[in-house]
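Here's a quick look around the inside of a protein model. Have the structure open and follow along.

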Amino acid sequence: MQPDDDKTKIHVALTSGTIVLQYQIIEKIGAGGMGEVYLAEDTKLKRKVALKFLPSHLVPNEDIKTRFLREAQAVAKLNHPNIVTVHDVNEFNGRPFFAMEHVEGHLLHYFAHDKPLPIDEVIDYAVQVCQGIGEAHRAGVIHRDIKATNIIVDTKGRARLLDFGLAAVAGDDKLTKTGSTLGTVSYMSPEQVSGRDIDKRSDLFSFGVVLYELLAGRTPFRRDSEGATLRAIMQDAPEPLSRYKSGIPQKLQQIVDKLLEKD
């Protein structure tokens, strides 16, 4: 009966009011391939937090479960104004999760598509994001899922990196290769698409996609199908930014071009 009991624990529904250790679930606010995110109240510290749980169907995979916990612990050590803080790494009914600060604001996707920014503001946010990425890289953490919906600008105008759920930690080859091609297709680097080993340059490529999107209002390689998008990442040169936005400084175009180099 023990295996069935464990299975039941894994599939406990997380609904409004559910108590997870010291946290009380308020509502589900997001979901993706490597996590489900809930807004919750920290009943001890009386503050709102975001809880990210490993999806139930991945919990039986011990490699992924171990990687999720180990990498959450690595990210929890990061302390930088441009990275959302992880407060706690734990398990609930056999399901690993981490608690991070809940940040109010707008995702960069909003500024790319709904409220385009002047170039100087784009550059300001780009610098902030690079500072956060640089801090993670110095700590040996590769994000692997840099995209416009994983970066938020808080109410004070500070860009913050979110969601290290696909992060790779240096020196942990066996675990980090598990699911190494996971990610969001339009933002993948060529090495992610081809399933090769990745390093910090992969994050820089994905950041180049975000920067292009902020300036052009569209990602450079997105096509009508996933297969066509993957081929474009591997083979196509992005259209010049000037096709979509006027007044792009040549130096900024050169920076974007270098970020999006396939080799």
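This is a predicted model: local features need pLDDT of at least 70, side-chain atom pairs count only at pLDDT 80 or more; totals for chains, interfaces and linings use all residues.

Gln192 belongs to helix α6. Is Gln192 buried or exposed? Its relative accessibility is 1%, so it counts as buried, the cut-off for that being under 20%.

## The second largest pocket

Helix α6 (190-193) turns up again here: along with α7 (200-216) and α9 (250-259), it gives two or more residues to the lining of the second largest pocket. That pocket holds about 380 Å³ of space. It's lined by 16 residues, and the ones closest to its centre are Glu191, Arg201, Leu259, Glu261 and Asp263.

What's the lining made of? Sorted by type, the lining residues come out as 9 charged, 6 nonpolar and 1 polar.

Now for the greasy parts. The largest nonpolar core counts 58 residues, and Leu108, Ile151, Phe164, Phe207, Leu211 and Leu215 have the most contacts inside it. The top contributor is α7, which supplies 9 residues.

Phe207 is worth a click. Leaving aside residues up to four places away in sequence, it touches Ala126, Val129, Cys130, Ile133, Ile146 and Leu259. Leu259 is also one of the residues closest to the centre of the second largest pocket.

Terms used. Residues are numbered from 1 along each chain as its sequence is written. Side-chain values use heavy atoms; hydrogens and water are left out. On a 1 Å grid over the protein atoms alone, a cavity is a set of points where a 1.4 Å probe fits but cannot get out, and a pocket is an open set with protein on both sides within 12 Å along at least five of seven lines; lining residues have an atom within 4 Å of a point. Grid points are joined across faces, edges and corners, and a volume is the space filled by probe spheres set on the points. Helices (H or I, at least four residues) and strands (E, at least two) are DSSP runs, numbered from the N terminus. Ala, Val, Leu, Ile, Met, Phe, Trp, Tyr, Cys and Pro count as nonpolar, Asp, Glu, Lys and Arg as charged, and the others, Gly among them, as polar. Buried means under 20% relative accessible area, exposed over 50%, partly exposed in between (1.4 Å probe, protein chains only). A nonpolar core is a set of buried Ala, Val, Leu, Ile, Met, Phe, Trp, Tyr and Cys residues joined through side-chain atoms within 4.5 Å. Contact means heavy atoms within 4.5 Å.
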